[in-house]
Every structure is written in C-alpha cells, then in structure tokens.
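Me: Let us go through this structure by question and answer. Keep it brisk.

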Amino acid sequence: ADKLVEDTSASTTHYTRQSASLSASTTYTITVYAKAAERKEVAVFAYFSGGWVTTSSIFVDLETGAATLSGSGATGSAVNVGNGWYRVSLTQSTNSTAGTKSVDIFIAEEGSTVYTGDGYSGVFIWGAQLEAGAFATSYIPTTTAQVTRAADVATMVGANFSNWYNQSEGTVFGEFSSIPSGGSS
C-alpha cells in the first residue's frame, strides 16, 4: 500500500488524480482499497467537468465504514475487507463525448475535501482500479497498460471435491443472489 499524504494548504489539494481515455456513454466502476492512518476519511470523485454525466462522489469513514454517496445515477459502497481495510467503489457513466476523464482519490476531514493539512497526515490506499461495467469485479493487477481478463471461473476437482460429495448419496443445493444491473448489493 501507499500512504496518501496531505500538504499544508487550506484547500482541496489533498488528493491523487489519474486520467484515462474512456468511451462515450459508458458505465465505469472505480474502486480503491483504503485504510485509516492519521486521517480516517477518504473520498472518491468523478467530476462532471472531467467528462462524466454528473459530478459524483462517495465519502467513507474508514473507522466505521459509513458511506455518503452523491451524484445523479451514481452508485457506490464501502465493503469491510478486514484488518481496517475497506474496498470503496463508485459507479458512474461518462457523458456523450469520448476522451480523457479523471478520477480523484481525496483525503477528507469531517465530510469535506477542503481543510488545512499538516503536511504528514494521510490514509493508506492500494489497488485503485477503473473498469468498464456497472459493478466492481475482483482486483486485476496491471502496470501501465490496459488489461483484459477472462471471466472468473471456480472449479473443484479431485480430493477437494470427492472427499465431501458422493453422487449416489444426494444432491448439492446452492442459493444465490444476483446483483441488479446498475446497482450494488
């Protein structure tokens, strides 16, 4: 993980920005793993002026997991993944113009990105990801180039399967829930 450290200004400069060339009128999901350090809040933004349909954001309290979402048509969540880490996601669509769009990850203080920093406080972040689609998938390691991967496939064979399942003795029952298009669970 990296520590995102605030500067000493009294403005909205406590963030990191990444830009990418995105398709027009397409839904994208932004995710990042975050953990409290000296600061306990993080915010993820997609700005209207950056080519998104509207400005949308999600603010997350990294001690409680409480999340505040804003932006028309945006969805988001903060999922506790253990040891103080949360996977924060924000889903939003781009406007009708293809091009370079930006994503910002802010350190926040009391629900705001505008505050005076001390020059050393921050939050830990790791695994930031931007992907086409209406929901977050598993982390996809990349470097400097776009990556396409095959669908997740789970298999059990050999002793992992045969030591508990016996075809002649019964049936396997599974219960699943689907995630509605454009939403999160």
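Reply: A polar contact is a pair of N or O atoms within 3.5 Å; within protein, one must be able to donate a hydrogen and the other to accept it, and residues adjacent in sequence count only if both atoms are side-chain atoms. The model is predicted: local features need pLDDT of at least 70, side-chain atom pairs count only at pLDDT 80 or more, and totals for chains, interfaces and linings use all residues. Residues are numbered from 1 along each chain as its sequence is written, and side-chain values use heavy atoms, with hydrogens and water left out.

Me: With which side chain does the side chain of threonine 13 make a polar contact?
Reply: Threonine 13 sits in the loop between β1 (2-5) and β2 (15-22); strands are DSSP runs of E, at least two residues, and helices runs of H or I, at least four, numbered from the N terminus. Its side chain makes the contact at 2.5 Å, and the partner is the side chain of serine 9.

Me: Is threonine 13 buried, partly exposed or exposed?
Reply: Buried means under 20% relative accessible area, exposed over 50%, partly exposed in between (1.4 Å probe, protein chains only). Threonine 13 has a relative accessible area of 34%, so the class is partly exposed.

Me: How far apart in space are threonine 13 and threonine 116?
Reply: Along the sequence, 103 residues separate threonine 13 and threonine 116. In space, C-alpha to C-alpha, the distance is 9.5 Å.

Me: Which side chain makes a polar contact with the side chain of glutamate 131?
Reply: Glutamate 131 belongs to strand β10 (residues 122-132). Its relative accessibility is 10%, so glutamate 131 counts as buried. Leaving aside neighbours within four places in sequence, its contacts (heavy atoms within 4.5 Å) include Thr27, Tyr28 and Ile140. The polar contact, at 2.6 Å, is with the side chain of threonine 137.

Me: What order do the elements of the protein chain follow from the N terminus?
Reply: The secondary structure comes to one helix and ten strands. From the N terminus on, the order is β-β-β-β-β-β-β-β-β-β-α.

Me: In what order do the five strands of the open sheet stand?
Reply: Two strands pair if DSSP finds at least two bridges between them. The pairing in this open sheet is antiparallel, and the order is β1-β10-β3-β8-β7.

Me: Which strands stand at the edges of this sheet?
Reply: Each edge strand has a single partner strand, so one side of each is left without a neighbour in the sheet. The edge strands are β1 and β7 (75-82).

Me: Which residues touch the most other members of the largest nonpolar core?
Reply: A nonpolar core is a set of buried Ala, Val, Leu, Ile, Met, Phe, Trp, Tyr and Cys residues joined through side-chain atoms within 4.5 Å. The largest one has 23 residues, and those touching the most other members are Val42, Val44 and Val88.

Me: Which strand supplies the largest share of this core?
Reply: At least two residues each come from several strands, among them β4 (41-46), β5 (56-61) and β9 (99-108). The largest share is four residues, and the strand is β3.

Me: What percentage of the residues of the protein chain count as buried?
Reply: The protein chain has 185 residues. The buried part of them comes to 34%.
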